[in-house]
There are 2 protein chains.
Amino acid sequence: MAPSAPPTTSSATAYDELIVLVKQASLLESTSYLLGWDQETMMPPRGVEHRSRQQAQLASIHHRLATDPRVGDLLAACESDQQFMADPAAVAAVNVREVRRRYDRYTKLPTELVEELAQVSTLAHHQWAEARKASDFDRFRPWLEKIVELNRRKAECFGWGKDGEPWDALAEDYEPGCTAADVEAVFRPLRTRLQDLITAVTTSSTRPPNAFNEIPLPIDRQEAFVRDVSRCIGFDYSRGRLDRSTHPFCSGTHCHDVRLTTRFQEAFVNDALGSTMHEAGHGIYEQGLLEEHIGTPMGSAVSLGIHESQSRMWENQVGRSRGFWRWCFPKLGEYFGDSVTSVGFDDVYGAVNIIKPDFIRVEADELTYNMHIMVRFEIERAMISGDLAVPDMPAVWNLKYKDYLGLDVPDDRRGCLQDIHWSSGSIGYFPTYTLGNLYAAQFFETALDAMPDLYEQFERGEFANLKQWLNEKIHAHGERYGASELCRHVTGKPLTADPLLRHLEQKLKPLYDL
Amino acid sequence: MAPSAPPTTSSATAYDELIVLVKQASLLESTSYLLGWDQETMMPPRGVEHRSRQQAQLASIHHRLATDPRVGDLLAACESDQQFMADPAAVAAVNVREVRRRYDRYTKLPTELVEELAQVSTLAHHQWAEARKASDFDRFRPWLEKIVELNRRKAECFGWGKDGEPWDALAEDYEPGCTAADVEAVFRPLRTRLQDLITAVTTSSTRPPNAFNEIPLPIDRQEAFVRDVSRCIGFDYSRGRLDRSTHPFCSGTHCHDVRLTTRFQEAFVNDALGSTMHEAGHGIYEQGLLEEHIGTPMGSAVSLGIHESQSRMWENQVGRSRGFWRWCFPKLGEYFGDSVTSVGFDDVYGAVNIIKPDFIRVEADELTYNMHIMVRFEIERAMISGDLAVPDMPAVWNLKYKDYLGLDVPDDRRGCLQDIHWSSGSIGYFPTYTLGNLYAAQFFETALDAMPDLYEQFERGEFANLKQWLNEKIHAHGERYGASELCRHVTGKPLTADPLLRHLEQKLKPLYDL
């Protein structure tokens with residue numbers, strides 16, 4: 001193969017300077033991630049006001065760096081060199097394309113709005129935590145109103161497509177290129193098929209016994225256990241850590257500093273295990289980004305949907321599989337003794353796969369989880385379009401839970417106050433969870449095609465091949481491909497709901513005798 | 001009293017704008033403190049390189065904010081209004097004076113040097129931690145050479161007095177207005193009198209039994225115990241936290257977010273207790289600064305010497321007193337049971353006051369501690385003047401330990417690698433510890449004059465009066481007075497060594513039968 005001609009000096013020089021500027025903005029952003037992590041895990045309660053000022057300042061400086069007109073000039077210089085941009089999957093072309101996309105967005109937002117969003121979100125988040133503790137929506141209501149209003153202004157700054165709506169403009173931050181109409185087109189048929197399966201499962205006379213989920217186990221042993229398992233599946237603790245927070249999350253500043261959190265319930269070890277494997281899945285993605293590209297789009301995750309595909313795969317496709325539990329069951333014995341293993345392997349495997357409509361999203365099973373997402377998507381879409389007023393939101397929430405899951409929500413703590421997202425200013429985020437479930441299933445089917453003995457590997461505690469496959473097929477590419485394109489690239493097909501439904505049916509039919 | 005005329009509009013307006021700019025710079029600095037705290041307590045090992053880049057970026061942005069020519073213009077506008085500056089102890093005049101002092105310093109430093117110092121210190125600090133673990137000075141040597149060289153360049157940028165020397169220029173960051181000659185003038189006579197006392201104590205045939213310091217006690221109980229004691233003496237955990245680190249320190253971002261660290265040795269609970277009370281003393285100072293002034297000199301600590309007076313007072317004047325232990329002894333029983341209290345009150349009180357020349361500064365007793373400081377002061381002064389080459393430093397260190405404390409240093413880990421300071425780029429810092437001991441003794445004598453039943457209060461577990469006295473006399477003033485002026489203001493006298501020597505003699509004579 002003949003080497004292609006070297007790029008002209010001017011675009012190459014412009015590109016080098018562009019990368020310096022982009023890395024500077026990203027470096028500052030990584031500092032604000034650390035402050036966010038600290039706020040959730042370490043900060044003393046009364047530190048919150050000062051923290052909101054720190055975050056607003058960083059957001060403001062970041063916005064100035066990211067909208068520096070010099071970035072625009074350098075982008076234009078690179079883009080004008082057709083040879084330089086010839087291969088759209090080459091490192092430089094990817095970085096220029098994605099920096100352009102961000103730059104065009106950032107420059108549409110006035111600095112004041114960026115600062116206000118940062119400050120209000122930090123404060124609102126704190127108020128949410130207190131309101132949730134007290135199960136008192138009225139305490140959070142004015143903050144949510146403010147957040148909806150600021151997000152509507154943000155959407156107006158960005159604008160949306162001819163047949164689109166304000167929600168689309170916000171979702172672009174989380175799942176680039178994905179509109180409310182796109183989401184609805186996937187969710188509507190999925191909902192029907194999931195509801196059929198939920199009805200079949202909940203009306204079946206067979207169901208796995210729940211005993212394993214009711215054995216109280218000491219929190220410090222649970223912590224050692226989930227730390228061990230997350231290390232075994234491939235999370236690298238020399239480049240990361242695990243702490244506790246109200247709402248589990250994965251954050252960090254760099255591929256060498258990735259931070260997971262989890263939470264513990266004494267009588268439900270699989271809550272901590274599932275949360276930890278989930279966040280470790282996110283963490284393995286972050287640790288799998290290439291160090292040389294960190295701070296540029298080529299060293300960044302594709303989208304939240306793709307990020308979620310990684311966490312879901314480790315949590316569900318791996319962590320609720322029979323193969324995984326063949327390996328994990330004896331480990332339960334090591335950490336917790338006979339009280340647990342006396343339940344028996346089949347009942348432990350059954351218990352981690354129990355389907356039970358319930359109130360809390362982050363504790364939901366694989367099947368009903370997606371219904372929780374649909375409720376939130378429909379509500380946030382209506383709040384942002386103005387069709388739903390914030391004070392009416394709890395009533396609508398409760399109605400939808402009755403409709404989709406047959407549940408009477410007992411209070412706001414277990415209802416519309418349970419999630420962190422809106423309080424942190426994130427609207428347009430929720431659907432990425434279900435997109436993640438769909439991508440996870442489709443990616444995992446492809447991995448199984450490539451490595452048919454994957455479940456046997458899990459039985460032997462071997463997770464390195466799956467991790468490496470993900471490293472190569474997904475992590476190392478950064479933002480080279482968009483989400484739909486990556487899906488076609490990895491699986492050979494566009495995203496469909498079939499793999500997820502197949503996965504759920506294959507697992508649940510024998511357990512529930514369907 | 002007739003109200004003074006209101007300040008002219010122009011200086012008042014200039015002052016308001018100045019305070020906004022000063023608070024912005026301080027806000028950014030508080031973010032870099034958080035990053036520093038995180039590095040010591042939480043950061044995964046491989047995060048260090050990225051952290052050094054984050055710190056360099058913040059240092060660079062901070063330097064730009066702090067040297068903004070607009071600050072110079074606004075200062076000049078305020079200073080030119082004599083009426084505005086008439087009362088040198090008024091809030092505005094204090095802020096203008098101290099911002100001017102900082103501004104004149106900052107503007108002498110080129111941004112490149114600031115960035116290089118920030119980046120090199122972060123990396124050097126990490127190398128020091130590794131070198132210390134391995135007791136391998138050679139690993140740290142090139143980094144220390146770099147730090148000495150950068151500090152010498154820094155001193156040259158600042159300049160020093162006609163009869164002064166480079167060390168003076170560096171010390172200004174820690175103890176404004178204090179020169180090497182000033183320090184020597186206090187240290188030289190103090191050394192003689194302390195050495196006499198050390199000789200008397202170490203040659204006495206009477207000495208308290210050490211048994212209390214040799215009882216292994218579980219670390220998690222020790223942690224609960226020191227947390228309890230630090231809360232009782234007045235550290236507010238709703239505005240602070242306590243963690244572990246190699247080298248105990250106090251940091252934070254705001255009076256409502258103050259972070260202490262300590263460390264634990266299984267068989268030496270008083271190490272953790274002393275360290276925690278020491279850092280809590282720093283923390284009580286930080287929490288005692290007035291919220292309305294945070295981010296300005298009026299809401300900042302006077303100097304490191306004054307800061308250290310607060311930590312030392314709680315550690316030594318309070319924490320090694322008979323009154324304190326009357327209260328604390330039963331608490332030992334609550335936390336650790338009979339194994340400890342069977343030692344008996346007198347032997348516990350004696351054990352926490354044992355004088356024993358040893359290698360480690362942070363574990364040193366009240367008396368020999370100051371000799372550790374003298375060694376370091378003499379060495380750093382000589383390294384910065386160029387009289388001592390870095391490779392020769394360990395040999396000189398060991399010679400001085402032989403000379404001043406009669407000790408043969410067994411290795412660099414317990415010798416010249418034991419302290420964090422030089423590795424973090426801090427030269428000119430050490431003498432503030434002994435100045436702190438002197439200020440602590442003089443302040444505490446004054447407090448005892450005002451509240452003669454202070455020790456009886458401690459016996460009853462009452463520490464609020466001392467804390468409030470410190471809040472009012474010292475903390476609330478921020479930088480209203482310089483260190484020597486504050487000392488005269490609080491105690492009516494200039495700083496002398498007499499109170500410290502009286503305190504030590506009164507305590508040690510009965511214990512050692514002198």
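The area buried between chain B and chain A is about 2,900 Å², and carbon and sulfur atoms account for 57% of it. The model is predicted. The size of an interface is often expressed in this way, as the accessible area lost when the parts come together. In terms of residues, 35 of chain B are in contact with 35 of chain A.

Four salt bridges are counted between chain B and chain A. In one salt bridge, B:Asp257 pairs with A:Arg51, with 3.5 Å between the closest N and O atoms. Polar contacts across the interface of chain B and chain A involve 22 residue pairs, both residues being at pLDDT 80 or more. On the side of chain B that touches chain A, two or more residues come from each of helix 1 (9-41), helix 2 (48-66), strand 1 (240-244), strand 2 (250-254) and strand 3 (257-262) of chain B. Helix 1 of chain B gives the most to this side, with 10 residues. By residue class, the side of chain B that touches chain A holds 13 nonpolar, 13 polar and nine charged residues.

In soluble globular proteins, nonpolar side chains tend to be buried together. The largest nonpolar core in the model has 135 residues, and the members that touch the most others are B:Phe212, B:Phe225, B:Phe324, B:Trp325, B:Met393 and B:Leu466. The element that gives the most to this core is helix 15 (residues 369-385) of chain B, with 10 residues. When neighbours within four places in sequence are left aside, B:Phe225 is in contact with B:Val269, B:Leu273, B:Cys328, B:Lys331, B:Leu332, B:Tyr335 and B:Phe336. Another core, of 134 residues, lies apart from the largest one and includes A:Ala124, A:Ile147, A:Leu242 and A:Phe377.

Two further positions in chain A were examined. A:Ser52 is located in helix 2 (residues 48-66) of chain A. Its relative accessible area is 2%, so A:Ser52 is buried. Residues up to four places away in sequence not being counted, A:Ser52 touches A:Gln119, A:Thr122 and A:Leu123. A:Arg381 is located in helix 15 (residues 369-385) of chain A. The relative accessibility of A:Arg381 is 19%, and because buried means under 20%, A:Arg381 counts as buried. With residues up to four places away in sequence again not counted, A:Arg381 touches A:Glu165, A:Trp167, A:Ala180, A:Ala181 and A:Glu184.

Conventions: Residues numbered from 1 in each chain as written. Chains lettered and ligands numbered in written order. Predicted model: local features only at pLDDT ≥ 70, side-chain atom pairs only at ≥ 80, totals over all residues. Heavy atoms only, no water. Contact = heavy atoms within 4.5 Å. Buried area = accessible area lost by both parts, 1.4 Å probe. Salt bridge = Lys/Arg side-chain N within 4 Å of Asp/Glu carboxyl O. Polar contact = N/O pair within 3.5 Å; in protein donor to acceptor, adjacent residues only side chain to side chain. Helix = DSSP H or I, 4+ residues; strand = E, 2+ residues; numbered from the N terminus. Nonpolar A, V, L, I, M, F, W, Y, C, P; charged D, E, K, R; others polar. Core = buried A, V, L, I, M, F, W, Y, C linked by side-chain atoms within 4.5 Å. Buried < 20%, exposed > 50% of the residue type's maximum accessible area, 1.4 Å probe, protein only.
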